[in-house]
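Please keep the structure open while you read this note. Each point picks out something you can find on screen.

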Amino acid sequence: MAPRKFPARVLRTLTESRYVWIRAGTVDRFIGIWMVVVAGRVFVRSWTLKPEGWYRTFLSDPGGAIRLADRTVRIRAVHTRSERLLSAVDRAYAEKYTSASGRKYVRGLSRGRRRASTTELVPR
């Protein structure tokens, strides 16, 4: 079965946004994180990898939500291991976040454990 896709309007909003507001598991708050859209699919990476952070929460409970201006969309987190996708996500981050201050984070997100935290958000 093919993975579910976000409706065109949601995907357009995400593509045009610098951040996605995300809630992992049953946590009660949304936080803003960087994300990219690659081939119509939404990807995020964790900067801190904290034990209580969104990435670790998704490892034990892949359910969550994203908040858009006018609605909340339920999502499921799917860990990404494909080298082809990881490389495409690397490029997408580098193309999207081009400010002088952002380059440090783009480099960091494209290496080691942070790169390995690449997670696809899919609607559920």
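This is a predicted model: local features need pLDDT of at least 70, side-chain atom pairs count only at pLDDT 80 or more; totals for chains, interfaces and linings use all residues.

1. **Salt bridges overall.** Side chains of opposite charge can pair when their charged atoms come close. Here, the structure holds five salt bridges. The next points take up some of them.

2. **D70 and R9.** These two residues form a salt bridge, with 3.2 Å between the closest N and O atoms. D70 sits in the loop between β4 (63-68) and β5 (71-79), while R9 belongs to helix α1 (residues 8-16), so the pair ties together parts that are 61 residues apart in sequence. D70 has 54% relative accessibility and counts as exposed, because the cut-off for exposed is over 50%. R9, at 41%, counts as partly exposed.

3. **R45 and D90.** Here the side chains meet in a salt bridge at 2.7 Å, N to O. R45 lies in the loop between β3 (41-44) and α2 (54-60), and D90 is in helix α3 (residues 83-96), so the bridge ties together parts that are 45 residues apart in sequence. Are these residues buried or exposed? R45 counts as buried, at 4% relative accessibility. D90 is buried as well, with a relative accessible area of 17%.

4. **R115 and E83.** The side chains of this pair also meet in a salt bridge, 2.9 Å from N to O. R115 is part of helix α5 (residues 112-116) and E83 is part of helix α3, so parts that are 32 residues apart in sequence are tied together. R115 is buried, with a relative accessible area of 15%. E83 is partly exposed, at 46%.

5. **A network.** Which residues are linked in a network of salt bridges? They are R45, E83, D90 and R115. Try to select these residues together on screen.

6. **Strand β1 and its faces.** In a regular strand the side chains alternate between the two faces of the sheet. Strand β1 (residues 19-24) shows alternating side chains. V20, I22 and A24 point to one face and are buried.

7. **Partners of β1.** β1 pairs with strand β2 (residues 31-38) in the antiparallel sense, over four bridges. Within β2, W34 stands opposite Y19. The two strands β1 and β2 form a hairpin, with six residues between them. In the turn, G25 has a positive phi of about 60°. β1 also pairs with β4, again antiparallel and over four bridges. There, G64 in β4 is the bridge partner of A24.

8. **T118 and R45.** Finish with T118, in the loop between α5 and β6 (119-123). T118 counts as buried, because its relative accessibility is 0% and the cut-off is under 20%. Its side chain makes a polar contact of 2.6 Å with the side chain of R45. R45 is also the salt-bridge partner of D90. What does T118 touch, not counting residues up to four places away in sequence? The residues are F43, V44, R45, V78, H79, T80, L86 and V89.

Terms used:
Residues are numbered from 1 along each chain as its sequence is written. Side-chain values use heavy atoms; hydrogens and water are left out. A salt bridge is a side-chain nitrogen of Lys or Arg within 4 Å of a carboxyl oxygen of Asp or Glu. Buried means under 20% relative accessible area, exposed over 50%, partly exposed in between (1.4 Å probe, protein chains only). Two strands pair if DSSP finds at least two bridges between them. A polar contact is a pair of N or O atoms within 3.5 Å; within protein, one must be able to donate a hydrogen and the other to accept it, and residues adjacent in sequence count only if both atoms are side-chain atoms. Contact means heavy atoms within 4.5 Å.
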